[in-house]
Amino acid sequence: MSRSSRSPRRRLAQIAALTALTMAGAACGNSLSDDEAGSDGGLKIGLVVPASGVYEPLGVDMTRGFELYLDQNDGQLGGQDVEVVKADEGEGPDTGVPATTKLASQDQVSALVGIVNSATALGVKDVVTQSKVPLIVANAGADDLADGSPYIWRTSFTNGAVGASLGEEVAQAADGPVYMIAADYAAGKEFVAGFKEAFEAAGGDVAGEAYTPFGTTNDWQPFLSKIQNTDASAVYAFYAGAEAVNFVKQYQSFGLSEDLPLYGPGFLTEGGVLTAQGDAAEGVRTSLHYSNLIDSPENKEFVDAYTEAYDEAPTVYSVQAYDAAAVLDAAIAEADGTDGESVAKALAGVGEIESPRGTWSFDEDHNPDQTYFLREVQAVDGGFGNGVLEPLTD
Ligand code: BEZ
């Protein structure tokens, strides 16, 4: 897989040092150059992910996935040396929109990669369209974000599709009505709506639903007590990052995990979140387009390279950013120039992506056409992992 014979750790340390310096410059309001070429004559790519807030760990995984791809390709995309300019997305649009605007206008990057939060993604849509710089959304799943616009491409998912992928499975597995609970912002609403539609279409009954204040909820007890007082036989929940850790731990300590099986989009038990949840997450069933336990040679090679570089297994966030780099690599190699418009045009010709998640391609709206898997948290090698039970979609 790696074209570089240098030590992955040493090369990654160099890439991280270069991007850290670039970020420091950006924070001081310094633009490193006046055109799209990087300061070393290469190409500038803007990476905007959370370096603070509830979703900060997701940003770490995305940065690592993106940098691993660069490391494996001699620091180049499409044959051009790459300078990564980083900006902190923070927790929501208040921080994410100005950070993205600066990268697109002041730093004049050729493409943007990142964006974790759906509300932020919706807030930057006009910015990227007006600046004609393509954005490769490497996480945020807002349903209406990608609509075939030449400047918006997504290597992650739509919230509705992840939600819907679990509907029929839960309708068949649950003994009675199901309660739905989620973070109160665009993504939480869409994960629930997508799930509910597929669940009810498959004959499922809803016991109730609740939305918890995003980024400020620390105590889920009042919500868990409300669930206990319904006729729910199972719970479907969307949380990610620090909120997922607290919710799943409190679900267990409140005693609900004994009686009400817990389901949700796979972010509920992904990566460092699962390590922190420990046995509180055992048996939780989720759907997602990736697990680092996918049994394929491509995934094993990726997991080995990532683990060697970072001493940690990759997550779905790492893969989405790794694939964003792969997509840009293919597009820039074919583009007529390195300006945003040329890169955006070339993205239309990228075709199939061979990924650790399996082979996928962009659909007509520029979202991934991909398989979702049913996963279950199981004891693995002295810890816990998301075992892959079966594909839920083609
Ligand atoms: C979102 O806001 O779209 C999102 C955030 C974290 C995980 C998954 C989706």
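Reader: What makes you say that the largest pocket lies between domain 1 and domain 2?

Author: Domain 1 (8–157 + 300–362) and domain 2 (161–288 + 372–391) both give residues to its lining, so the pocket lies between them. The domain bounds come from an automatic or database domain assignment. This is a predicted model: local features need pLDDT of at least 70, side-chain atom pairs count only at pLDDT 80 or more, and totals for chains, interfaces and linings use all residues. Residues are numbered from 1 along each chain as its sequence is written, and side-chain values use heavy atoms, with hydrogens and water left out.

Reader: Which residues lie nearest the centre of the largest pocket?

Author: Gly271, Thr275, Asn292, Ala313 and Phe384, out of 24 lining residues. Lining residues have an atom within 4 Å of a point of the pocket, which is an open set on a 1 Å grid over the protein atoms alone, where a 1.4 Å probe fits, with protein on both sides within 12 Å along at least five of seven lines. β16 (383–391) gives the most to this lining, with four residues.

Reader: Why is Thr315 called buried?

Author: Buried means under 20% relative accessible area (1.4 Å probe, protein chains only). Thr315 has 2%, so Thr315 is buried. Thr315 touches Asp61, Glu270, Gly271 and Tyr290, not counting residues up to four places away in sequence; a contact means heavy atoms within 4.5 Å.

Reader: What makes helix α14 mostly covered?

Author: Six of the eight residues in α14 (residues 340–347) are buried, among them Val343 and Leu347. A helix here is a DSSP run (H or I, at least four residues) and a strand likewise (E, at least two), numbered from the N terminus. The cover includes β5 (135–137), β6 (152–154) and α13 (316–334).

Technical notes:
Buried < 20%, exposed > 50% of the residue type's maximum accessible area, 1.4 Å probe, protein only.
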